[in-house]
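Please walk through this structure with a focus on helix packing and aromatic contacts.

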Amino acid sequence: MTRQICRIGHIEDLSTTSLLQFTQKEKKNSPPHLVQQEMAGVDRSRRSSSSPPPLPWTVRVQLAALSAAHRSDGSARRLLFYLGDLHAAASPRPDAAGVRSVDVTIDASRGLWARVFCPPTNTAAAKLPVVVYFHGGGFVLFSAASRPYDALCRRISRGDGAVVVSVNYRLAPEHRFPAAYDDGLAALRYLDANGLAEAAAELGAAVDLSRCFLAGDSAGGNIAHHVAQRWASSPSSPPASLRLAGAVLISPFFGGEERTEEEVGLDKASLSLSLARTDYFWREFLPEGATRDHAAARVCGGERVELAEAFPPAMVVIGGFDLLKGWQARYVAALREKGKAVRVVEYPDAIHGFHAFPELADSGKLVEEMKLFVQEHSSNHEFL
């Protein structure tokens with residue numbers, strides 16, 4: 001029997017009937033101390049969701065720059081964005097935190113590569129879990145070398161004691177659906193066949209492919225879901241050595257033609273995202289002429305939900321000021337209806353993209369939550 005964990009700090013912030021229903025069911029089987037924590041969280045959440053949360057000035061400056069790189073219709077000023085998208089170089093020499101990195105080629109024919117991060121370790125022979133990470137950016141922006149994502153993956157590698165493989169998948173609109181999913185699946189097949197042998201020589205890292213986790217934020221969370229579903233539903237011959245132990249979806253990017261209550265209510269308060277931008281990203285990524293009800297976007301639309309039996313346990317991270325949280329709550333409810341193990345981690349004051357700002361306390365808390373998730377499902381062989 002799989003153990004399902006639901007951590008919801010503030011239920012009312014989600015304001016989604018489906019999530020409330022499964023949470024109430026969960027409470028019946030929860031230890032008393034967890035129920036008390038959840039109820040205490042409800043009391044603290046009673047404040048207006050129309051006003052944005054207080055943020056450090058450094059974060060506000062970066063969000064203002066991001067907004068300047070978008071037009072009023074949500075489309076990106078690509079030249080302006082790329083001028084501001086500074087890149088970090090990989091280096092096998094330890095950084096200040098002891099993390100080393102190297103770039104590896106996955107498929108030269110399509111320009112597919114990944115940046116591999118190795119945490120400091122005292123035992124060279126120790127096999128480490130692997131976190132395959134997909135960056136956000138609406139399928140259109142950023143790369144594995146973008147400074148915010150290079151820094152984030154370094155924090156995850158050190159904090160979680162894992163080798164992080166940040167996939168530089170191809171971007172839309174030059175490479176529309178299903179290019180990003182194809183690249184994610186190719187990265188897993190590469191790992192299964194090579195076991196990071198190319199990077200291991202430089203980094204001295206041995207990996208345990210039976211403890212492989214997918215992770216991603218925003219569009220990367222969407223990719224993590226679809227790649228997990230593809231991998232879990234495609235048996236390999238001979239059997240793969242890589243086994244998905246879990247998936248971490250951070251503020252995943254889902255949607256549909258319908259406007260949720262949260263999308264309308266948080267359109268102006270979200271700061272880092274707007275309805276105009278989400279619509280633009282879907283137009284750039286989905287096939288020409290497709291609507292937002294396409295299966296890539298609306299993964300939790302009733303009969304559309306298809307999950308393989310081997311779909312891994314999931315951790316879904318939801319921000320209280322993320323206008324996508326209604327879709328994320330539906331996704332959690334859909335997983336549970338399918339009998340899948342789900343841990344929900346909610347940060348009531350978090351905006352979309354909060355994880356990329358280390359000055360925000362919730363960003364550090366997220367790394368710790370990921371560590372707990374990786375540890376739990378690394379030792380729980382029921383899921384391997």
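At what angle do helix H5 and helix H12 pack, and how far apart are their axes? This is a predicted model. In it, H5 (residues 147–160) and H12 (residues 361–379) pack at an angle of about 45 degrees. Their axes lie 9 Å apart. An angle under 35 degrees would count as roughly parallel, and one of 65 to 115 as roughly perpendicular. H5 and H12 are therefore oblique to each other. The crossing of H5 past H12 is right-handed.

Now look at the residues in this contact. H5 contributes Arg-155, Ile-156, Gly-159 and Asp-160. They meet Ser-363, Val-367, Met-370 and Lys-371 of H12. By class, three residues of the contact are nonpolar, two are polar and three are charged.

Next come the aromatic side chains. The structure holds 16 aromatic pairs. One of them joins Phe-213 and Phe-373. Their ring centres are 6.1 Å apart, with 65 degrees between the planes, and the pair is edge-to-face. Phe-213 sits in strand S5 (residues 206–217), whereas Phe-373 belongs to helix H12. The pair thus links distant parts of the chain, 160 residues apart. Phe-213 is buried, at a relative accessible area of 1%. Phe-373 also counts as buried, at 1% relative accessibility.

Tyr-347 and Phe-354 form a tilted pair. Here the centres are 5.3 Å apart and the planes 55 degrees. Tyr-347 is buried, with a relative accessible area of 7%. Phe-354 is buried too, with 1%.

Finally, there is an aromatic cluster. Phe-139, Phe-177, Tyr-181, Phe-253, Tyr-280, Phe-281, Trp-282 and Phe-285 make it up.

Conventions: Residues numbered from 1 in each chain as written. Predicted model: local features only at pLDDT ≥ 70, side-chain atom pairs only at ≥ 80, totals over all residues. Heavy atoms only, no water. Axes fitted to C-alpha atoms, helices over the stretch in contact; angles between N-to-C directions. Helix = DSSP H or I, 4+ residues; strand = E, 2+ residues; numbered from the N terminus. Parallel < 35°, antiparallel > 145°, perpendicular 65-115°, else oblique. Left-handed = near helix turned anticlockwise from the far one by under 90°. Contact = heavy atoms within 4.5 Å. Nonpolar A, V, L, I, M, F, W, Y, C, P; charged D, E, K, R; others polar. Phe/Tyr/Trp six-rings, centres within 6.5 Å; stacked < 30°, edge-to-face > 60°. Buried < 20%, exposed > 50% of the residue type's maximum accessible area, 1.4 Å probe, protein only.
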